[in-house]
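Let's take a walk through a protein model together. Keep the sequence and the 3D view open, and look up each spot as we reach it.

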Amino acid sequence: MEKRGLTEKEAEKRLKDYGFNELKEILHISPLKILLRQVKNNFVVYLLFAAMLISLFVGKSVTAYTILAVIILVVSMGFFQEYRAEKAIAALKKMIMPISIVIRDGKEIEIPSKEIVPGDIVILRTGEKIPADCLILEAKELRVNEAVLTGESQEIKKFESKSEKDYKKENQIFMGTLIVNGRCIAKVLHTGMNTEFGKIAGMISTAEKELPLQKKVNGIAKYMVSIALTISILTGLVMLIRNAPLSYELFIEVLIVVIALSVSAFPEGFPVVLMSTLASGAYRMAKKNAIVNRMSIIETLGETTVICSDKTGTITTGEMTAKKIFCDNKLFEITGAGYEATGDFLLNGKKIDIQKNNSLKLLLKAGVLCNDSKIERKGTDREYIIKGTPTEAALLIASAKAGIFKEDLNFIRKEEIPFSSERKIMSVACKEKSENYIYSKGALEVLLKNCKFIQREDGIFTLLERDRKLIIKINKELTSKSFRTLAIAYKKVKSLNKYHFEEELVFVGLVGMEDPPREEVKEALKLCYIAGINVKMITGDNKETAIAIAKQINLNKGDIIEGEELDKFTDNELVKIVRNAVIFARVRPEHKLRIVRALKENGEIVTMTGDGVNDAPALKEAHIGVAMGIGGTDVTREVADLTLKDDNFVTIVYAIREGRTIFNNIQKFVTYQLSCNYAELLIIFLGILLGLPLPLLALQILFMNLVTDNLPAITLGFNPSSQDVMEAKPRKKAHILNKKLISLIIIAGTIMGLVTLGVFHFTLNILKQELVVARTTALVTLIFFEIANAFNFRSFRKRVLNRSPFTNKYLVYASAISILATILIIYSPLNKAFETAPIGLFNFLLAFVASLAIILVFDILKAIKGDLNEEKELISKKL
């Protein structure tokens with residue numbers, strides 16, 4: 001069947017006719033669902049609704065309608081923030097743009113998967129998500145997981161079609177399903193909503209998960225409301241007993257007080273502030289190449305105690321360069337680095353002629369033929385772009401330095417057994433002129449067992465025990481110098497029976513590849529250890545290579561366990577030894593899953609990286625599954641919680657830092673908001689007990705909660721990360737509020753409540769001003785207090801008066817908006833609705849000076865605490 005593919009013009013025309021290969025976005029984000037969730041999950045909305053009904057009952061229609069407006073505002077703001085957050089997550093996921101290889105004009109090119117059109121010829125490999133409904137033209141050991149369509153997780157074997165007109169389901173692959181083994185070339189039949197997946201997409205829904213943080217915040221909100229209702233009822237009873245006998249006027253007055261008390265403790269803005277904080281954190285992480293796939297993991301990131309990281313491409317650069325070749329008992333050196341095909345082949349420091357070294361030439365040729373990757377020249381120089389894996393690309397670049405290119409070799413690939421992490425070998429059968437050859441490459445310890453002969457310059461000889469020992473010795477020397485090794489073998493055959501591909505092979509040689517560690521990893525590791533986070537290196541390479549890299553990055557010393565040893569340990573034994581292990585070498589994907597489970601049994605919070613299709617179970621099992629954006633497969637990205645755009649270990653550490661910062665900011669805004677709610681509650685409760693008129697009205701409290709309280713709280717979520725945020729040990733399932741924060745709530749709330757009540761009493765009874773003026777002065781005082789208090793909560797340790805107010809510039813802007821809104825409800829016609837009155841300069845100054853008390857008290861407390869901490873550090877150093 002024709003595999004030349006479409007021309008670019010045909011593809012452009014079909015893209016216009018059929019549109020982009022995308023499913024409707026509504027499948028992922030449903031505005032109606034988000035709106036219903038806002039109403040359903042926001043406990044405060046129900047209580048505000050009850051307050052509105054009571055207000056209508058007592059004849060406070062303006063208050064009732066205002067509360068209704070507040071309910072609409074709270075739900076709308078919550079909806080807007082969550083919808084934005086959902087859209088942001090969707091946009092962040094799109095930053096990891098799926099790419100497909102298609103054949104157009106007879107050439108293989110990479111295009112965004114959404115630009116695939118019917119008629120395109122696509123090339124698909126293990127671990128890739130199928131981008132469209134396709135007809136299989138050519139298949140090699142192809143197995144597909146169609147669980148997304150059928151619900152059955154069993155792998156299904158697929159076969160190539162003999163005709164493009166007469167085919168069965170076993171000759172088709174479908175959009176959204178996953179290739180778990182093999183490779184294929186297929187013709188696109190349907191895209192987007194016309195696929196089988198698109199047809200049933202309307203019935204597909206994802207389970208709605210409540211954020212653990214949201215659950216904690218809702219719990220705090222319910223607790224505060226319970227306190228408010230209890231105090232409200234008690235206050236009402238006190239008023240009824242004190243002013244007996246009961247009259248209709250007294251009953252109405254009690255209900256008004258109950259409304260004011262209840263509203264004072266409703267943290268209306270909690271859900272809005274939470275979503276804003278999480279969304280801004282996800283955005284900051286995206287700018288640092290960490291794409292959050294699920295918002296709920298941001299909290300867990302900060303709790304990480306162990307990072308299990310792949311070596312290749314994450315700790316190392318992932319840019320393989322073939323530097324050493326051992327064949328015919330000679331060790332050759334290759335100069336040059338990276339993906340530039342400039343360099344020489346040296347033997348004992350002298351340049352050699354490749355054409356005069358048949359064994360070396362055969363090894364390079366085998367590395368090209370037993371290879372699924374491709375290289376393309378960038379321009380006129382000899383720098384190349386790779387399409388495929390770095391390991392295979394390194395072989396192609398090394399061959400290119402010798403002038404050997406796949407395009408120049410006269411061969412037909414007849415059969416293939418793809419590489420898998422279980423087998424650790426790849427083999428191909430090629431027809432060259434009238435002769436048949438098998439070429440294999442893979443891990444030395446596996447491939448060497450399948451070799452019976454060895455290639456020399458002067459012919460093929462039996463592989464003796466001394467030859468095996470020498471090969472193993474050279475391999476150990478190379479790996480101890482941090483080279484990654486790959487063995488290459490071949491054989492000439494009469495028939496291409498793939499069941500005997502890898503038997504009695506001829507050993508050709510070893511290739512040593514350099515994959516240096518990333519320069520920044522050493523500092524990142526140091527930061528992890530300071531933060532109390534253990535790092536474990538997991539690699540498919542052998543022990544010596546892993547140890548060499550570990551020394552270069554200063555990985556902590558500990559036990560080294562190989563895959564064969566892991567197989568011998570029971571799960572209980574592994575739980576005991578996994579804590580002290582720092583390197584796991586020659587591991588298979590199923591080992592990763594066992595390692596994660598063992599660490600979890602030890603109470604660790606595990607972050608695990610992975611890239612291959614078989615890493616998916618381990619990533620799903622870990623608390624935080626991290627997929628690779630560059631070298632990862634679609635399967636791992638599908639199950640991962642976090643995707644690294646740059647595949648860099650340092651990005652994981654940054655994400656953990658950001659997770660800690662976000663949790664700290666959530667603690668700050670929750671403590672701040674509750675201290676404000678507590679102050680409002682105290683003012684009204686004490687005012688009634690002392691026989692004063694109601695100091696603040698329900699509507700005024702709602703204004704503070706939504707404008708002068710919520711706005712600063714939202715900006716506290718934007719606080720920059722503390723320089724020492726990674727110096728604290730990891731928290732494990734920490735609560736948002738602890739004893740220390742509860743004490744801060746009580747101290748701040750008491751100061752604000754008592755001083756504001758004092759200002760109210762002073763204005764009303766000492767200055768003999770009208771009640772409406774006294775209330776307005778008390779309102780302004782508490783608003784100034786809340787703004788000042790927000791500056792206190794920029795940091796739990798650092799003082800306000802010796803720091804720039806622009807440390808968090810958004811808080812300055814929010815404070816200015818709060819003051820302007822306050823002036824608006826006092827000096828505009830809105831003062832009738834809010835029952836305020838214009839006040840003079842003296843009252844404003846009185847409110848402002850009184851509010852400074854909160855800054856002075858907290859700065860003194862922080863200074864005392866700082867001195868005590870310094871004293872403790874000095875004592876510990878002396879000890």
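In which loop does Asp647 lie? Asp647 sits in the loop between strand 28 (642–644) and helix 23. Helices here are DSSP runs of H or I with at least four residues, strands are runs of E with at least two, and both are numbered from the N terminus. Asp647 has a positive phi of about 55° although it is not a glycine. Asp647 counts as buried because its relative accessibility is 8%. Buried means under 20% relative accessible area, exposed means over 50%, and partly exposed is in between (1.4 Å probe, protein chains only).

Before moving on, a word about what you are looking at. This is a predicted model, where local features need pLDDT of at least 70 and side-chain atom pairs count only at pLDDT 80 or more, while totals for chains, interfaces and linings use all residues. Residues are numbered from 1 along each chain as its sequence is written, and side-chain values use heavy atoms, with hydrogens and water left out.

Now zoom out. The protein chain has 29 helices and 28 strands, and 54% of its 879 residues count as buried. Take the contacts (heavy atoms within 4.5 Å) in the chain with a separation of 6 or more: residues 24 or more positions apart account for 72% of them.

Next, follow the chain into helix 23 (residues 649–689), which packs with helix 9 (residues 270–287) at an angle of about 160°, their axes 10 Å apart. Axes are lines fitted to C-alpha atoms, for helices over the stretch in contact, and angles run from 0 to 180 degrees between N-to-C directions. That angle makes helix 9 roughly antiparallel to helix 23, a label for angles over 145 degrees. Among the residues making the contact are Phe270, Leu274 and Thr277 of helix 9, and Ile662, Asn665 and Phe669 of helix 23. By class, the contact has twelve nonpolar, four polar and two charged residues. Here Ala, Val, Leu, Ile, Met, Phe, Trp, Tyr, Cys and Pro count as nonpolar, Asp, Glu, Lys and Arg as charged, and the others, Gly among them, as polar.

With 0% relative accessibility, Thr277 counts as buried. Not counting residues up to four places away in sequence, Thr277 touches Ile662, Asn665, Ile666, Phe669 and Gly717.

Another threonine to look up is Thr777, in helix 26 (residues 771–792). Its relative accessible area is 0%, so Thr777 is buried. The side chain of Thr777 makes a polar contact with the side chain of Asn843 (2.8 Å). A polar contact is a pair of N or O atoms within 3.5 Å; within protein, one must be able to donate a hydrogen and the other to accept it, and residues adjacent in sequence count only if both atoms are side-chain atoms.

Let's finish with two loops. His623 lies between helix 21 (616–621) and strand 27 (624–628), and counts as partly exposed because its relative accessibility is 23%. The side chain of His623 reaches the backbone nitrogen of Val606 at 2.9 Å. Glu835 lies in the loop between helix 28 (831–834) and helix 29 (841–878). Glu835 has a positive phi of about 55° although it is not a glycine, and with a relative accessible area of 33%, Glu835 is partly exposed.

Notes
Parallel < 35°, antiparallel > 145°, perpendicular 65-115°, else oblique.
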